[in-house]
Amino acid sequence: MPPDDVLGCPVPIARFVARTDIAVVALQHVVAYPAGCTLIVHVAVRRGLLDEATWERIDSSHAGGHPGPADAALQFRAGQGSLVDLGGGASGNDRQYQADRRLWLSPLPLPAGPFEFSVEWRKAGLARSATTLDGRAIAEAAKRAQPYWPTPPRPPRP
């Protein structure tokens with residue numbers, strides 16, 4: 001998990017990972033820490049001409065706990081390390097849905113080169129789609145992360 005006492009250093013990404021007529025998944029930025037990084041992902045879906053039943057299936061598949069096969073849900077993958085979904089906020093109605101998700105990737109990506117970040121959401125018509133991220137830029141940003149406090153806490157006086 002991201003440390004709760006370190007100011008991470010952002011790496012701007014701002015690119016679409018996947019985009020169709022009804023769904024968009026965009027990687028906004030990465031926040032780098034010494035032990036890993038948080039990927040900030042924006043998800044948007046518009047209903048368009050979808051019928052009610054199809055819309056309900058898509059709406060229920062964005063955060064797990066959905067009916068149907070697990071591989072039809074919104075999925076994220078990274079080419080290295082372990083990826084954990086930390087959740088986020090969402091809003092929607094009967095015409096659209098938007099969410100911001102935070103994903104924790106650890107350990108920190110290797111500085112030697114690029115790695116792949118991908119998304120798949122078959123219920124929303126998104127086949128597996130990927131973008132390449134610069135592991136070197138993320139590793140360099142992690143070196144600029146700063147602890148909140150320069151010294152460890154002092155023990156209480158007896």
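1. A salt bridge here is a side-chain nitrogen of Lys or Arg within 4 Å of a carboxyl oxygen of Asp or Glu. With that in hand, a search of the whole structure turns up seven salt bridges. Please keep in mind as you read that this is a predicted model.

2. Let's start with the sheet. Five strands make up an open sheet, and their order across it is β2-β3-β4-β7-β6, with antiparallel pairing. At the edges sit β2 (9-19) and β6 (82-92), each of which pairs on one side only. From one strand to the next, the twist averages 20°.

3. Strand β3 (residues 23-33) and strand β4 (residues 36-46) run antiparallel and are joined by ten bridges.

4. Now back to the charged pairs. Side chains of opposite charge can pair when their charged atoms come close. D85 forms a salt bridge with R101, and the closest N and O atoms are 2.2 Å apart. This pair links distant parts of the chain, since D85 lies in strand β6 and R101 in strand β7 (residues 96-106), 16 residues apart. Are the two partners buried or exposed? D85 has 36% relative accessibility, so it counts as partly exposed. R101 has a relative accessible area of 9%, and because buried means under 20%, R101 is buried.

5. Because K143 and E140 are three residues apart in helix α2, about one helical turn separates them. K143, at 63% relative accessibility, counts as exposed, while E140, at 35%, counts as partly exposed.

6. R136 also forms a salt bridge, in this case with D134, and the closest N and O atoms there are 3.5 Å apart. R136 is partly exposed, with a relative accessible area of 47%. D134 is partly exposed too, at 34%.

Key
Residues numbered from 1 in each chain as written. Predicted model: local features only at pLDDT ≥ 70, side-chain atom pairs only at ≥ 80, totals over all residues. Heavy atoms only, no water. Pairing = 2+ DSSP bridges. Helix = DSSP H or I, 4+ residues; strand = E, 2+ residues; numbered from the N terminus. Axes fitted to C-alpha atoms, helices over the stretch in contact; angles between N-to-C directions. Buried < 20%, exposed > 50% of the residue type's maximum accessible area, 1.4 Å probe, protein only.
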